[in-house]
Amino acid sequence: MVLASWTMQRLQRLARPFRRLRRDFGGRMSRHHVFSQRLLQDWVWSVALSVSRHMGLLRTTPAEAAEKTALAAKAGVREDLAAAYRLCHKMGLNEGVCNHLTALLPGSTDRFLVNRYGLLWSEVTADNLVLVDASGEIIEGEGPVEVTAFQIHRAIHLADPEKYACVLHTHMPYATALCCIASTPGESSHLAHPDWPLVMCHQNSARFHGDVAFDACFNGLVTDSTEGERLAAAMQGKRVMLHKNHGVIVCGRTVAEAFDDLYYLEKAAQIQLLAMSTGRPLELLRDGVAAGTKAVFDNEKASAARLHLDAWKRQIARDDALAIS
Ligand SMILES: [Zn+2]
């Protein structure tokens, strides 16, 4: 790299007389002369680049650039997923060393990153995440990987690696409480909605309009592939699933998008439960309004979710700095 830099500097010197000429006489030179001088400068510069590339002195071949991009993407997913673990811990969305958040390794459809079982989520870092494949083999990092983490997440990632690139499973209190309310759809007006038990009673709820599956079948811990695949099918292609007597599964194309949904799902559930606790009927959004609101949120999802996660990552950095000082 030092040699490449030195070579570029030497070649650029060839253009200096022309720059000096323009600086000293530019004002008096004819437009034709200035144009010719610029052409010559451009030519010298392009020759310098070509010679350097030909000699292999510049490390910017397409293959090398692609490799750098791929490595940066993998590192970025590790950082985002580790941040999501720490943020869930900070926000009280997880339980002990249970629950699990996973993300497919960029470029792969069957290898995913998961936490090492036994760590508090505040202890999860980009470096101690474990990479497993669809057979359960640990490719990178140190296990163990908890069996339900593997069975639930493997099946959902494989069901749609693009839409379900990130899969978050928690027993976060408010959304999980919605999964534990006994009711019969149609029994009361506010539980008759297709998104039952999450209903469209607030702007936050509308983010999930028509995009929530509800699985009313709890068969115990998900310890085998059959139950994992049944849950994946029960997602019905939705972003969110509420699992009766259990918890939530929130999926996204990126860690940022999934985390954004997890955060607002809990907020929506909290508001709904607070409103229900009054014993008064819920004021529901009109279906078209809820659908339109979701469309607006979805349209800006990628950028808004990125800003949201980055903002929380800065908060983690501030917390860490305070803890050290
Ligand atoms: Zn669970």
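Student: Which strands does H4 lie across, and at about what angle does H4 run to S1?

Tutor: Bear in mind that this is a predicted model. Here H4 lies across S1 (100–104), S2 (112–114) and S5 (166–170), and runs at about 165 degrees to S1. Another helix to look at is H9 (residues 255–276), which lies across S1, S5, S7 and S8 (247–252) at about 145 degrees to S8.

Student: OK, now the sheet. What is the order of its strands?

Tutor: General idea to start with: strands of a sheet pair through backbone hydrogen bonds, either parallel or antiparallel. In this model, eight strands form an open sheet with mixed pairing, in the order S4-S3-S2-S1-S5-S8-S7-S6. S4 (138–140) and S6 (212–215) are the edge strands, each with a single partner, so one side of each has no neighbour in the sheet. On average, neighbouring strands are turned by 25 degrees against each other, ignoring direction.

Student: How many bridges join S6 to S7?

Tutor: Four, and the two strands run parallel. For one to find on screen, take phenylalanine 214: its bridge partner in S7 is leucine 242.

Student: Back to helices. At what angle do H4 and H11 pack?

Tutor: H4 (residues 62–91) and H11 (residues 301–324) pack at about 70 degrees, with axes 10 Å apart. Angles from 65 to 115 count as roughly perpendicular, so H4 is roughly perpendicular to H11. Their crossing is left-handed.

Student: Which residues meet there?

Tutor: From H4, Asp80, Ala83, Arg86 and Leu87; from H11, Leu309, Trp312, Lys313 and Ile316. That contact comprises five nonpolar and three charged residues, with no polar ones.

Conventions: Residues are numbered from 1 along each chain as its sequence is written. This is a predicted model: local features need pLDDT of at least 70, side-chain atom pairs count only at pLDDT 80 or more; totals for chains, interfaces and linings use all residues. Axes are lines fitted to C-alpha atoms, for helices over the stretch in contact, and angles run from 0 to 180 degrees between N-to-C directions. Angles under 35 degrees count as roughly parallel, over 145 as roughly antiparallel, 65 to 115 as roughly perpendicular and the rest as oblique. A crossing is left-handed if the near helix is turned anticlockwise from the far one by less than a right angle, and right-handed if clockwise. Two residues are in contact if their C-beta atoms, placed from the backbone, lie within 7 Å. Ala, Val, Leu, Ile, Met, Phe, Trp, Tyr, Cys and Pro count as nonpolar, Asp, Glu, Lys and Arg as charged, and the others, Gly among them, as polar. Two strands pair if DSSP finds at least two bridges between them.
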